[in-house]
Amino acid sequence: MNYEQQIRKLAAEKNAVILAHNYQPPEIQDVADICGDSLELARLAKEAKESTLVLCGVYFMAETAKILSPEKTVLIPRPDAGCPLADQLTPDAVRQAKAAYPGSPFVVYVNSNAATKAECDITCTSANAATVAASLPQKKILFGPDANLAGWVQRQLPDKEIVPVPADGGCPTHHNFTVRDVGAARREYPNATVICHPECSAEVQQACDLVGSTGYMVRNCGSADEWVILTEEGIAHPLRKRYPDTVFHVMDSAVCPNMKLIALPDLFVTLRDGVYPVQVADPIASRARAAIERMIEVSK
C-alpha cells in the first residue's frame, strides 16, 4: 500500500488537517499539512478551518488542540504517546505552590497535561517563555515543569524571581546532553555553530553558542554553513529540507521514544476509522483554554 497517497486521499475526504511536531519521524513530517513547534501547532490548531485535526505528536499537544477547538474532532494516532516531562507537574503540586507563594502567578510550560494547565495562570512554550514571564507585573513567578527552561527564563529576566516547580523537573531526552558532548562536538566540527534547546541543563546552555526552541532553529539555522544541534534528532529533517546547502550534525542517541511512536500505518488507520478521539472535560477545558489564549495574545 502507498500509505502517503492513501493518507492524503483520506484527509481530503474527511476534511482533516494533519499537524506534526518537528520531532516526528521524517515520513510523518513529509505527509503532514503543517509542521512546527508547540507554539506554531497551538496557533494553527486554533485557526484551522478543517473539521478534523489529526495531531502527530504527544498527547498533551492533542489535548491543547482540542481545548482550543472544542467544536472540532481531534484525533491522535497513538494515545499512548505520553510525555515524561508533563507528568512531573500535577494539579495538586500547582495548588500547593500557589498556596506557598500567594499572589505569585504560575506560568506553565505547554508541555503539561490539561488538568495541570487548568490550575495555572498562563501557558508558555520554549519559544515564548521569556516573553510570557516578562508580560506579568509580579516580580516572583512560579514556573514549571521544566527547571532548565525556568533557569533560562531567569537569565533572560534578572529583575524577576523565577521559582521552578518542581525544582528538578526536566525532559529525559534533553537531560542526556552534557558539557562533554559540547566539547566533543567542537573538536569534531571546529567550524560549526553549536545550538541547544533550553530544556538542556544550564551548563550545556552556557557551553553552546546559542540557545533556542525548535521553531527558532528552523527559522534561524540558515545563518551559518555548519551547525551542531543539541535537541531531539527529529529536528534534523525540517532543517535539512529548509537549508539543503547547510550541514547539520545531531546526536542519533537523542531520541524521544514517545515522539517516534506514530508510524504511517497508525496515521492511515486514524483517518480511515476516526481513532483516537481526544476529549477534555468542559470544566478543565475552559480554565485551560483561558491560560492558553492568554499566551497566544501575549505572543502576537
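Reader: What makes Ile122, Cys124 and Phe143 contacts of Val107?

Author: In this predicted model, contact means heavy atoms within 4.5 Å. Val107 touches Ile122, Cys124, Val132, Leu136, Ile141, Leu142, Phe143 and Gly144, with residues up to four places away in sequence left out.

Reader: Which core has Val107 among the residues with the most contacts inside it?

Author: Val107 belongs to the largest nonpolar core, which has 66 residues. Leu53, Phe143, Val153, Cys221, Ile229 and Leu239 are the others with the most contacts inside this core. Its largest share, 6 residues, comes from α4.

Reader: What makes a set of residues a nonpolar core?

Author: The members must be buried, of the nonpolar kinds listed for a core, and joined through side-chain atoms within 4.5 Å. In soluble globular proteins, nonpolar side chains tend to be buried together.

Reader: Why is Thr125 called buried?

Author: Buried means under 20% relative accessible area. Thr125 has 2%, so Thr125 is buried. Its place is in the loop between β6 (122-124) and α7 (129-134). Beyond four places in sequence, Thr125 touches Ser38, Leu39, Tyr109, Val110 and Met295.

Reader: How do you know that the side chain of Thr125 has a polar atom close to the backbone nitrogen of Ala127?

Author: The distance between the two is 3.1 Å. The cut-off for a polar contact is 3.5 Å.

Reader: Why does Thr231 count as buried?

Author: The cut-off is again under 20%. Thr231 is at 0% relative accessibility and therefore counts as buried. Thr231 sits in the loop between β11 (226-230) and α13.

Reader: Which side chains make polar contacts with the side chain of Thr231?

Author: One is the side chain of Tyr23, at 2.5 Å. Another is the side chain of His174, at 2.7 Å. A polar contact needs N or O atoms within 3.5 Å. Leaving out residues up to four places away in sequence, Thr231 touches Tyr23, His174, Phe177, His197, Thr214, Met217 and Ala254.

Reader: What makes a space a cavity or a pocket?

Author: In a cavity a 1.4 Å probe fits but cannot get out, whereas a pocket is an open set. The count comes to 1 cavity of 30 Å³ or more. The largest cavity holds about 70 Å³ of space. Its lining consists of Ser38, Leu41, Ala42, Ala45, Leu55, Phe60, Met61, Thr64, Ala65 and Val110. α3 and α4 are the elements that give two or more residues to this lining. By class, the lining has 8 nonpolar, 2 polar and no charged residues.

Reader: Which residues lie nearest the centre of the largest pocket?

Author: They are Tyr23, Asn111, Cys171, Glu199 and Met259, out of 29 lining residues. The volume of the largest pocket is about 330 Å³. α3 (38-47), α4 (59-68) and α9 (172-175) each supply at least two lining residues, and α9 gives the most, with 3. The lining divides into 16 nonpolar, 11 polar and 2 charged residues.

Reader: How many residues of each class line the second largest pocket?

Author: There are 3 nonpolar, 5 polar and 5 charged residues in that lining. The second largest pocket has about 200 Å³ of space. Among its 13 lining residues, Asn22, Cys35, Val218, Pro238 and Arg242 are the closest to its centre. The largest share of the lining, 4 residues, comes from α13.

Technical notes. Residues are numbered from 1 along each chain as its sequence is written. This is a predicted model: local features need pLDDT of at least 70, side-chain atom pairs count only at pLDDT 80 or more; totals for chains, interfaces and linings use all residues. Side-chain values use heavy atoms; hydrogens and water are left out. On a 1 Å grid over the protein atoms alone, a cavity is a set of points where a 1.4 Å probe fits but cannot get out, and a pocket is an open set with protein on both sides within 12 Å along at least five of seven lines; lining residues have an atom within 4 Å of a point. Grid points are joined across faces, edges and corners, and a volume is the space filled by probe spheres set on the points. Ala, Val, Leu, Ile, Met, Phe, Trp, Tyr, Cys and Pro count as nonpolar, Asp, Glu, Lys and Arg as charged, and the others, Gly among them, as polar. Buried means under 20% relative accessible area, exposed over 50%, partly exposed in between (1.4 Å probe, protein chains only). A polar contact is a pair of N or O atoms within 3.5 Å; within protein, one must be able to donate a hydrogen and the other to accept it, and residues adjacent in sequence count only if both atoms are side-chain atoms.
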